[in-house]
Amino acid sequence: MDFSNKTVIVTGAGNGIGKGIALLYAEKGANVIVADVDEKAGAKTVDAIKEKGGNALFVKTDVRDEEEIVRLMEIANLTFGRIDILINNAGVSVFKSPFELPIEEWDDIINTNLRSVFLASREAAKYMRKNKAGGSIVNIASTRAIMSEPNSEAYAASKGGIIALTHALAASFSEYRITVNAISPGWIETGDYSKLRKIDHEQHLSKRVGKPDDIARACFYLTAKENDFVTGVNLIVDGGMTRKMIYEE
């Protein structure tokens, strides 16, 4: 899978999964737009890419703001002349009792996690539809869209909405040769992997906790032109946890 000279936009690329995705696309030869509201973190991701000989540009972006998303796409197109791939990764979470969650926090989670996916996908697709080969969009959802623990209503709703929005956009953008897919990560450790316990790994069918690179490689699969027959899907990358029957003996 060769991404040389492809323009890839990754939102929320300053830290965690987004940073891992941005780094690996750069290693594959892509021109990477690092979008994040955190200017310091975004700049560090760009520096890490350039240290390895990659090409990247940081664009400070609050994905809740429609004008900033429009500006992000304009800069990407003006800088590299095209937009090929969009990874909608930016997201936040708040876990509070539904009796205590202020509506302002609910709205912030929905606007950051879900509304932004619609806005960014729409604006990126305006440029992708001009490409002879179309383009690819990947939306980072979560296994929390299909299973839950208490006090996760806003986050679960936003991620469930992403999965529904994904197949709707896949239908709408199909005539422009734009594929739209989702990835639902399970436990992806973005901190010190060495500090995980044995039980953390062994509870997974894969016998290990996930890493950001696992999600990046899934993005490669869904955005490679060889795989343009795959669209509208939600790819679960969770070490088998959502397929594990769990009962206490």
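**Entry 1: the model.** I am working from a predicted model.

**Entry 2: the largest pocket.** I started with open space. The largest pocket comes out at about 1100 Å³. I then asked which residues sit closest to its centre. They are Ile-17, Gly-91, Ser-93, Tyr-155 and Lys-159, out of 43 lining residues. Next I looked up the elements that give two or more residues to this lining, and I found helix 1 (16-27), strand 2 (31-36), helix 4 (103-128) and helix 5 (153-173). Helix 1 gives the most, with three residues. By class, I get 16 nonpolar, 17 polar and 10 charged residues in the pocket lining.

**Entry 3: the cavity.** How many cavities of 30 Å³ or more does a search of the whole structure find? I got one. The largest cavity holds about 40 Å³ of space. I noted its lining as Thr-11, Val-63, Asn-88, Asn-89, Ala-90, Ser-116, Val-117 and Ala-120. Helix 4 supplies the largest share of that lining, three residues. The cavity lining splits into four nonpolar and four polar residues, with no charged ones.

**Entry 4: helix 1 with helix 2.** I have the crossing down as right-handed. On the helix 1 side, Lys-19, Ala-22, Leu-23 and Ala-26 make the contact, and they meet Thr-45, Ala-48 and Ile-49 of helix 2. I sorted this contact into five nonpolar residues, one polar and one charged.

**Entry 5: helix 3 with helix 4.** Helix 4 had turned up at the cavity, and I now checked how helix 3 (residues 66-80) packs on it. The angle is about 30°, and the axes are 9 Å apart. The same cut-off applies, under 35 degrees, so helix 3 and helix 4 are roughly parallel to each other. Their crossing is right-handed. From helix 3, I listed Glu-66, Ile-69, Val-70, Met-73, Glu-74 and Asn-77 in the contact. From helix 4, I listed Ser-116, Leu-119, Ala-120, Arg-122, Glu-123, Ala-124 and Tyr-127. This contact has seven nonpolar, two polar and four charged residues.

Terms used. Residues are numbered from 1 along each chain as its sequence is written. This is a predicted model: local features need pLDDT of at least 70, side-chain atom pairs count only at pLDDT 80 or more; totals for chains, interfaces and linings use all residues. Side-chain values use heavy atoms; hydrogens and water are left out. On a 1 Å grid over the protein atoms alone, a cavity is a set of points where a 1.4 Å probe fits but cannot get out, and a pocket is an open set with protein on both sides within 12 Å along at least five of seven lines; lining residues have an atom within 4 Å of a point. Grid points are joined across faces, edges and corners, and a volume is the space filled by probe spheres set on the points. Helices (H or I, at least four residues) and strands (E, at least two) are DSSP runs, numbered from the N terminus. Ala, Val, Leu, Ile, Met, Phe, Trp, Tyr, Cys and Pro count as nonpolar, Asp, Glu, Lys and Arg as charged, and the others, Gly among them, as polar. A crossing is left-handed if the near helix is turned anticlockwise from the far one by less than a right angle, and right-handed if clockwise. Contact means heavy atoms within 4.5 Å. Axes are lines fitted to C-alpha atoms, for helices over the stretch in contact, and angles run from 0 to 180 degrees between N-to-C directions. Angles under 35 degrees count as roughly parallel, over 145 as roughly antiparallel, 65 to 115 as roughly perpendicular and the rest as oblique.
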